[in-house]
Amino acid sequence: MAEWDDILAAVGLALSGDRETGREGLLSAWAGTRESDHAHRCVVAHYLADLQPHLDDEVRWDEVALSEYAHVADADLAPVGITSAAGMAPSLHLNLGDGYLRQGRLPEATAELEAGLRQGRHLPADGYGDMIRGGLDRLRSRLDEATRQQGHEGLSVTGGGR
């Protein structure tokens, strides 16, 4: 079974700039999980997504992280210092929404943004919470812009306009 110490060490490597070694460590940790290790799998998938060279792979890992999250309780994340599993949801929705937006999947991106905003009440009033709230705000702006551009492109394609 994957141990939290191994997962956190791999995350630390990835965050410190050694992305490839961190990715290898996270893949090894993933291989050491069981289907019932939802908290471990959620955290591993969450960080693995950011280390993928291809957008489709990133989105797949983000989808896995959110799927595993559905089975995570507060006590499951306490060993890694996360006191509220609910506080993790906005970040998961933010990451998946961002991936969907970059894939051009605007309805799915909108749904993830809305879910992240709904769950935002669970974010702590600290630097982490501020970072995720700011990310959600930026995602909303980017999504609004993409929706406007799509509308303009649709008008030019059909020959419509004012």
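Author: Q52 sits in the loop that joins α3 and α4, where helices are DSSP runs of H or I of at least four residues, strands are E runs of at least two, and both are numbered from the N terminus. The model is a predicted one, in which local features need pLDDT of at least 70 and side-chain atom pairs count only at pLDDT 80 or more, while totals for chains, interfaces and linings use all residues. Residues are numbered from 1 along each chain as its sequence is written, and side-chain values use heavy atoms, with hydrogens and water left out.

Reader: Why is Q52 called buried?

Author: The relative accessible area of Q52 is 10%. Buried means under 20%, exposed means over 50%, and partly exposed is in between, with a 1.4 Å probe and protein chains only. Q52 is below the buried limit and therefore counts as buried.

Reader: Which residues does Q52 touch, beyond those up to four places away in sequence?

Author: They are R23, D57, E58 and W61; contact requires heavy atoms within 4.5 Å.

Reader: What makes R23 partly exposed?

Author: R23, a residue of helix α2, has a relative accessible area of 21%. That value lies between the 20% and 50% limits, so R23 is partly exposed. With residues up to four places away set aside, R23 touches L48, L51 and Q52. Its C-alpha atom is 8.5 Å from that of Y47, which is 24 residues away along the chain.

Reader: How do you know that the span of α4 is close to what is expected?

Author: The expected span is 1.5 Å times one less than the number of residues. Helix α4, residues 55–69, has 15 residues and reaches 21 Å from its first C-alpha to its last, against an expected 21 Å. Its buried residues are E58, V59, W61, D62, A65, L66, E68 and Y69, and their cover includes α2, α3, α6 and α7 (106–119).

Reader: Why does G99 count as buried?

Author: G99, in helix α6 (residues 89–103), has 0% relative accessibility and is therefore buried. G99 and V59 are 40 residues apart in sequence, yet 5.6 Å apart in space, C-alpha to C-alpha.

Reader: What makes a set of grid points a pocket?

Author: On a 1 Å grid over the protein atoms alone, a pocket is an open set with protein on both sides within 12 Å along at least five of seven lines, and lining residues have an atom within 4 Å of a point. The largest pocket here has a volume of about 620 Å³, the space filled by probe spheres set on the points. It is lined by 27 residues, with H46, Y47, S91, Y128 and M131 nearest its centre. Helix α8 gives the most to this lining, with five residues.

Reader: How many helices and strands does the protein have?

Author: It has eight helices and zero strands. Of its 162 residues, 41% count as buried. Among contacts between residues at least 6 apart in sequence, 61% join residues at least 24 apart. The C-alpha atoms fill a box of roughly 60 × 30 × 30 Å along the principal axes.

Technical notes:
1 Å grid on protein atoms, 1.4 Å probe; cavity = no way out; pocket = protein on both sides within 12 Å on 5 of 7 lines; lining within 4 Å.
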